[in-house]
Number of protein chains: 2
Amino acid sequence: MPSAARKSQERDRASMEPPPADDYAKERYGVLPLIQSQEKSDRVLVRINDLTVEKADQVVWVRGRIHTSRAKGKQCFLVLRQQQFNVQALVAVGDHASKQMVKFAANVNKESIVDVEGIVRKVHQKIGGCTQQDVELHVQRIYVISLAEPRLPLQLDDAVRAEVEGEEEGRATVNQDTRLDNRVIDLRTCTSQAVFHLQSGICQLFRETLLHKGFVEIQTPKIISAASEGGANVFTVSYFKSSAYLAQSPQLYKQMCICADFEKVFCIGPVFRAEDSNTHRHLTEFVGLDIEMAFNYHYHEVVDEIADTLVQIFKGLQERFQTEILTVNKQFPCEPFKFLEPTLSLEYREALAMLREAGVEMGDEDDLSTPNEKLLGRLVKEKYDTDFYILDKYPLAVRPFYTMPDPGNPKNSNSYDMFMRGEEILSGAQRIHDPELLTERAQHHGIDLEKIKAYIDSFRFGAPPHAGGGIGLERVTMLYLGLSNVRQTSMFPRDPKRLTP
Amino acid sequence: MPSAARKSQERDRASMEPPPADDYAKERYGVLPLIQSQEKSDRVLVRINDLTVEKADQVVWVRGRIHTSRAKGKQCFLVLRQQQFNVQALVAVGDHASKQMVKFAANVNKESIVDVEGIVRKVHQKIGGCTQQDVELHVQRIYVISLAEPRLPLQLDDAVRAEVEGEEEGRATVNQDTRLDNRVIDLRTCTSQAVFHLQSGICQLFRETLLHKGFVEIQTPKIISAASEGGANVFTVSYFKSSAYLAQSPQLYKQMCICADFEKVFCIGPVFRAEDSNTHRHLTEFVGLDIEMAFNYHYHEVVDEIADTLVQIFKGLQERFQTEILTVNKQFPCEPFKFLEPTLSLEYREALAMLREAGVEMGDEDDLSTPNEKLLGRLVKEKYDTDFYILDKYPLAVRPFYTMPDPGNPKNSNSYDMFMRGEEILSGAQRIHDPELLTERAQHHGIDLEKIKAYIDSFRFGAPPHAGGGIGLERVTMLYLGLSNVRQTSMFPRDPKRLTP
């Protein structure tokens with residue numbers, strides 16, 4: 001064994017009493033050498049989730065973390081944890097365990113990983129604090145696989161405590177920066193496990209639905225030669241002897257794929273925004289779920305596909321991730337997410353009328369402020385009982401240069417946003433597929449034509465009418481679960497002030 | 001209609017003869033106004049792929065590109081294309097079409113998009129140049145939806161010509177830079193369509209297999225605060241008033257997810273390498289298919305899962321993408337991809353012995369050069385008849401600092417590469433999960449410990465043994481299809497000299 005590994009294990013052992021030579025149980029516990037793949041093993045490790053009464057009286061091996069331990073005379077009660085599941089384990093002086101072994105078990109630091117051999121025993125009174133309530137493990141052997149340091153930067157029990165409960169009972173909760181600074185531990189809580197298992201599900205449902213609809217997955221470059229959308233809020237990269245930029249969206253590339261006849265494309269990837277926004281819903285790097293699609297005659301063909309994709313995601317989450325939703329709700333209570341089929345679609349002018357009726361003063365061509373977005377969400381919820389809706393026909397003035405103007409009203413555009421619980425999660429539009437009109441609109445926006453030449457040129461050799469949109473993954477996760485900060489739904493969030501871990 | 005759109009359509013019309021007032025067919029052809037979603041339509045557009053004898057004598061609408069056109073007296077033969085499929089269409093003077101209409105059809109620039117109404121007619125002699133060989137369309141109406149410019153930067157027929165054929169027959173082929181400079185057109189060829197539909201399939205099969213195995217998809221940040229793997233070959237980003245880097249791999253983050261108990265994780269995302277390598281297989285930005293997994297006792301548990309995932313991909317491609325494989329083979333002939341079940345695994349020392357037997361001089365701790373990699377591929381193919389194999393137990397000296405040393409031989413390591421057709425597509429290893437040993441190895445490699453503190457600290461609170469690997473998507477696509485340059489399998493490749501389109 002390399003010297004550091006040996007030293008490390010020695011230090012670990014030193015911190016715990018080594019088994020004395022005259023201990024009759026001395027072979028039955030201890031700190032194992034670092035697993036370097038010394039040998040293969042046929043030993044079957046049973047999942048904690050599978051420890052049920054069907055396994056009563058069987059001897060099993062389990063690998064788990066020490067979630068809590070409590071010594072009490074000649075006994076030590078451990079709670080062993082594996083992801084969202086845990087089970088009680090009892091080490092008691094007897095044939096298998098000596099006094100020293102019980103002491104050893106009691107002294108293993110919380111969050112250490114142990115291999116435990118034990119008999120599954122049915123219990124007569126349900127074990128309240130554990131997910132496996134009907135059985136406990138009677139420990140016969142316990143070996144430390146990886147020892148945690150004694151002082152944890154945060155306690156998992158504090159990290160899953162609901163804020164209300166913390167306030168009412170004067171018990172500790174963990175603030176966001178402490179969580180994020182120690183993300184590896186914070187991600188171990190049942191709440192975090194549930195959030196990110198569900199997020200993996202959102203990606204899966206998004207792709208499943210689109211592949212089923214005949215879409216093709218594409219990969220678009222993130223390093224680009226020119227700031228694609230006007231040059232504001234873009235990160236600069238030094239690129240050998242020159243410089244380049246980080247893509248603010250896959251917009252231009254997914255459109256090029258449409259011009260290249262892929263017809264219906266999607267991609268999932270990072271999106272970069274150099275905005276100095278320190279809000280609950282802005283990140284400098286987030287994950288975009290992007291869609292682009294050629295249509296026949298009307299961009300609503302695309303809007304319907306996108307809305308249906310989101311509906312399929314909502315339904316899939318309800319069906320497949322009920323456990324995760326309930327786990328998160330326990331710490332962060334919220335109303336179940338409501339949606340209609342078909343999806344409610346309002347025109348921007350209708351939304352303006354609703355807001356004005358509620359006393360808001362807004363011009364016809366003003367964009368929605370965040371407070372007005374939220375107010376509108378409440379008004380729509382009251383009137384239509386849905387947490388998900390489309391706002392169609394935005395004023396042309398507040399949309400990017402490549403947005404197709406409304407043929408019926410030159411001040412409007414064929415563009416739309418989609419909202420969950422009153423916050424925007426998708427922005428999209430019919431794009432201009434004619435190079436002359438695109439040039440005119442870019443000039444109107446003061447964009448340097450030289451910089452977007454390749455983009456405009458993509459439309460010179462026949463381009464089908466098309467539309468699309470981009471969804472923010474972290475926002476969808478946050479709003480579906482009724483959470484309040486997008487940092488809760490980004491594993492390693494990036495904002496103007498945070499680049500670590 | 002906005003003035004530019006009007007102007008553009010006027011110019012288009014001007015470039016083609018406008019229908020004269022006394023033309024009896026004048027309503028049956030022309031350039032339509034820009035589709036701005038003026039109205040919805042119930043018209044059903046039939047897919048070209050669906051034009052078969054079952055539809056004989058039916059009147060259908062089709063939207064396609066003008067692939068070729070050939071006027072001949074009172075007739076004009078068009079080939080209409082849709083992705084990989086095409087059909088012959090005939091415009092002939094008669095009840096539906098006037099002389100002027102035939103002339104109009106003949107004058108529409110290649111690659112323009114048209115809506116055509118026609119009767120499906122069975123033909124008596126198979127149409128050789130088309131995928132729909134048994135029918136043709138007798139055109140009754142033809143309208144231009146999007147007019148292409150008259151001069152194409154490359155001809156699609158040249159772009160799909162096999163090089164041998166070009167050389168032997170003295171016919172044009174298209175060189176790589178012309179292709180990449182005009183990627184939107186190059187991607188329209190049946191070969192490109194097949195390559196990227198298959199690539200989408202690789203991603204789909206990768207995820208399907210891993211989700212089925214119980215893996216969780218994660219999203220890892222691309223902007224990082226410290227150069228993760230020693231600082232060489234990393235792109236710098238200006239980050240507000242400070243600077244940051246682009247991740248060279250998701251390595252550290254997927255390991256943190258393992259320390260956070262996600263157990264089995266994967267991700268698909270961009271990977272950045274600031275290497276000034278101008279080879280057939282290096283890109284500065286590529287797509288990584290990454291895997292990381294906690295194991296019980298031996299890292300081969302992970303190697304087996306990764307190899308099986310690749311085997312499932314190979315099988316899935318064979319089953320679901322046979323058409324695409326044949327299409328690519330037509331332009332780029334190659335032997336079918338061969339693999340064994342279970343996957344062949346050789347130790348590094350065995351490979352050395354094979355190479356030495358073939359006359360190569362190499363030290364025990366030397367890394368494989370590219371020519372030796374390829375030679376080894378040929379030797380393995382001869383001996384074992386497989387294009388896919390694992391090379392296990394690399395010398396420790398040639399692997400990254402976080403690689404677990406081999407417990408049986410301190411000069412070796414628990415690390416592996418996987419190869420397709422003699423080129424590396426995956427590099428992986430058991431990682432060191434002990435903070436002391438990790439520190440020792442980082443120091444040995446001269447890495448600034450301060451910069452990787454967060455990484456090392458992730459292992460201080462209990463870490464399971466784990467291993468993983470990263471696969472290059474473009475390389476897998478290239479080598480599976482027997483292509484010769486990774487730029488053929490990246491939609492918009494990035495290398496030291498190319499940042500556009």
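Select helix α7 (residues 190-212) and helix α10 (residues 322-331) of chain B: their axes come within 8 Å and cross at roughly 135°. Axes here are lines fitted to C-alpha atoms, for helices over the stretch in contact, and angles run from 0 to 180 degrees between N-to-C directions. Helices (H or I, at least four residues) and strands (E, at least two) are DSSP runs, numbered from the N terminus.

This is a predicted model, in which local features need pLDDT of at least 70 and side-chain atom pairs count only at pLDDT 80 or more, while totals for chains, interfaces and linings use all residues. Residues are numbered from 1 along each chain as its sequence is written, chains are lettered from A and ligands numbered from 1 in the order in which they are written, and side-chain values use heavy atoms, with hydrogens and water left out.

The contact (heavy atoms within 4.5 Å) includes C190(B), A194(B) and L198(B) of α7(B), and I325(B) and V328(B) of α10(B).

Now select the open sheet of eight strands in chain B, whose order is β7-β11-β12-β19-β18-β17-β14-β13, with mixed pairing. Two strands pair if DSSP finds at least two bridges between them. At the edges are β7 (216-217) and β13 (344-347) of chain B, each of which pairs on one side only. Within the sheet, strands β14 (residues 388-392) and β17 (residues 415-420) of chain B run antiparallel and are joined by five bridges. Select Y389(B) to find F419(B) of β17(B) opposite. Helix α8 (residues 251-259) of chain B packs on this sheet and touches β11, β12, β18 and β19 of chain B.

Move to chain A and select helix α11 (residues 348-357) and helix α12 (residues 370-384), which pack at an angle of about 95° with axes 10 Å apart. These helices, α11(A) and α12(A), are therefore roughly perpendicular to each other. From α11(A), A351(A), M354(A) and L355(A) meet residues of α12(A), among them L375(A), L376(A) and L379(A).

Finally, show both chains together. A rotation of 180° with 0.0 Å of shift along its axis superposes chain A on chain B (RMSD 0.0 Å), by least squares on the C-alpha atoms of residues with pLDDT of at least 70 in both. That is the relation of a two-fold axis. Select V237(A), which comes closest to the rotation axis of the residues of chain A, at 2.2 Å (C-alpha).

Methods:
Parallel < 35°, antiparallel > 145°, perpendicular 65-115°, else oblique.
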